[in-house]
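I opened my notebook to look up a few spots in this structure, one by one. Here is what I jotted down along the way.

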Amino acid sequence: MVKFSLSTSFILMNIINKKCKLSLQLITISVICMIMLMNLSLNFTLLSNMFMMDSLSFIMIMLTMISTSLIFLSSSNLKNISYTMIPIFIILLMTFSSKNMLLFYIMFEMVLIPTMILITMNGKQPERLQASIYLIMYTVMASLPLLMMIISSNSNNSFTFNKIKLLKFSLIIFIMLAFLVKMPMYLTHLWLPKAHVEAPLEGSMILAAVLLKLGGYGIIRFSPMCITLMNKINYWIISISLIGATTTSLNCIRQKDLKSLIAYSSVAHMGFVLTSLFTMNYMGLTGAIIMMIAHGLVSSALFLLVNDLYYKYHTRNILMFKGLMSLMPNITFWWFMFTALNMSAPPSISTMSEIMMMSSLISWNNNSLILIFLMSIMAASFSLMMFVNIIHNKNSSMLISINTEQKIFLSLFIHFIPTLLIIMKLELFI
């Protein structure tokens with residue numbers, strides 16, 4: 001295992017540009033972590049006074065490390081981006097490893113500051129200021145009730161202690177509202193498309209890959225403390241999320257902006273994750289964790305592909321792209337692969353996660369089958385529509401562009417491989 005990790009690291013050193021020393025180090029760490037994930041079982045818990053690492057924390061930290069290293073690899077503006085990306089990376093590591101609820105809340109909110117700076121300082125359109133205000137207003141205002149709950153709960157604010165104690169807190173929506181907005185749940189999702197569209201490539205990738213997963217992570221951490229009250233609101237949450245996932249998938253079909261299309265598809269996927277978390281079912285929980293990993297990798301890669309097209313043609317309008325199959329056959333291959341993964345085609349972890357989440361929803365209530373069917377059809381429809389419009393048709397107005405950088409292909413390859421390999425090691429999650 002050590003020999004393989006060293007040889008892989010050496011190959012990556014030769015491929016990557018010598019200027020990107022930071023991305024080289026992070027990719028080496030990520031490769032070693034991937035090998036650890038494939039070779040070790042995660043039945044362990046490390047505890048200290050302030051920090052903890054169990055299997056869920058380890059998976060999320062792995063996703064953060066891999067995503068951050070791929071962002072550094074894919075970026076063409078590394079010098080300016082590193083001032084915000086490195087604080088985001090450090091804060092996310094502390095968030096996923098914090099044992100104390102108050103420390104978790106502080107880190108959960110602190111990550112918004114460098115994210116807002118990333119959107120406002122490096123975005124291109126003037127609307128980026130409005131997008132950053134939306135981001136702050138939605139997330140901070142929704143998380144203030146969570147702070148009130150943490151302060152009023154008790155002096156001992158550790159996750160492990162409160163799992164045993166079970167809080168007698170009647171207003172469960174106060175606890176969950178911060179995480180529902182962060183996911184985001186339908187009706188509280190308006191900040192996400194704006195933030196994605198106005199953010200630079202690095203901002204879109206870190207938002208899709210890790211920051212949306214903070215909501216799901218928080219729900220998993222806090223749900224044992226109020227499990228007796230979850231049944232009071234799960235009908236509302238699941239109903240809104242299922243209807244929202246279907247309507248946002250319908251909305252994707254009429255989108256002209258490619259970035260906006262992928263942002264709305266993220267809302268649909270996260271809505272499906274939210275439904276399975278609130279079924280209070282072990283299979284639903286497992287499927288949601290796997291889907292968070294799959295969506296983090298696939299959505300990040302799709303934003304990278306859109307940015308590649310924008311860099312070449314200076315537009316993201318889907319009506320402007322025709323016949324890329326004859327102009328760029330190598331990029332066409334990656335468009336096909338990640339579009340297939342976005343609609344959960346086998347043999348990927350997306351397929352397994354959707355099967356698990358559908359099973360948990362149908363076992364919770366048979367009537368959800370109709371909306372699940374509609375949601376799956378709509379997700380496949382907008383993915384196929386996007387692919388067919390970009391890749392096929394006649395290319396009378398399209399011009400041959402500059403070649404794609406080699407590091408983009410390397411980044412897409414590293415995005416793609418875990419989605420296939422992890423399905424061989426599903427006992428890590430089950």
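**Entry 1: a serine in a helix**

I started with Ser299, which is found in helix α15; helices (H or I, at least four residues) and strands (E, at least two) are DSSP runs, numbered from the N terminus. A note on what I am reading: this is a predicted model, where local features need pLDDT of at least 70, side-chain atom pairs count only at pLDDT 80 or more, and totals for chains, interfaces and linings use all residues. Residues are numbered from 1 along each chain as its sequence is written, and side-chain values use heavy atoms, with hydrogens and water left out.

Is Ser299 buried or exposed? Ser299 counts as buried because its relative accessibility is 3%; buried means under 20% relative accessible area, exposed over 50%, and partly exposed in between (1.4 Å probe, protein chains only). Not counting residues up to four places away in sequence, Ser299 touches Ala208, Ile262 and Ser266, where contact means heavy atoms within 4.5 Å.

**Entry 2: the core**

Next I looked up the largest nonpolar core, which has 134 residues. Such a core is a set of buried Ala, Val, Leu, Ile, Met, Phe, Trp, Tyr and Cys residues joined through side-chain atoms within 4.5 Å. Helix α15 (residues 282-313) gives the largest share of this core, 17 residues. Ile390 is among the residues with the most contacts inside the core. Leaving aside neighbours within four places in sequence, I find Ile390 in contact with residues including Leu258, Leu309, Phe321 and Trp335.

**Entry 3: aromatic pairs**

My search of the whole structure finds 15 aromatic pairs. Rings of Phe, Tyr and Trp (its six-membered ring) pair if their centres lie within 6.5 Å; planes under 30 degrees apart count as stacked, over 60 as edge-to-face and the rest as tilted. Tyr235 and Trp364 have ring centres 4.8 Å apart and planes at 45°, so I log the pair as tilted. Tyr235 lies in helix α13 (residues 230-253) and Trp364 in helix α18 (residues 349-364), so the pair ties together parts that are 129 residues apart in sequence. Trp364 counts as partly exposed, at 22% relative accessibility.

**Entry 4: a threonine in a loop**

Last, I visited Thr188, in the loop between α9 (172-182) and α10. Thr188 is buried, with a relative accessible area of 16%. What does Thr188 touch, not counting residues up to four places away in sequence? I noted Tyr138, Leu180 and Val181.
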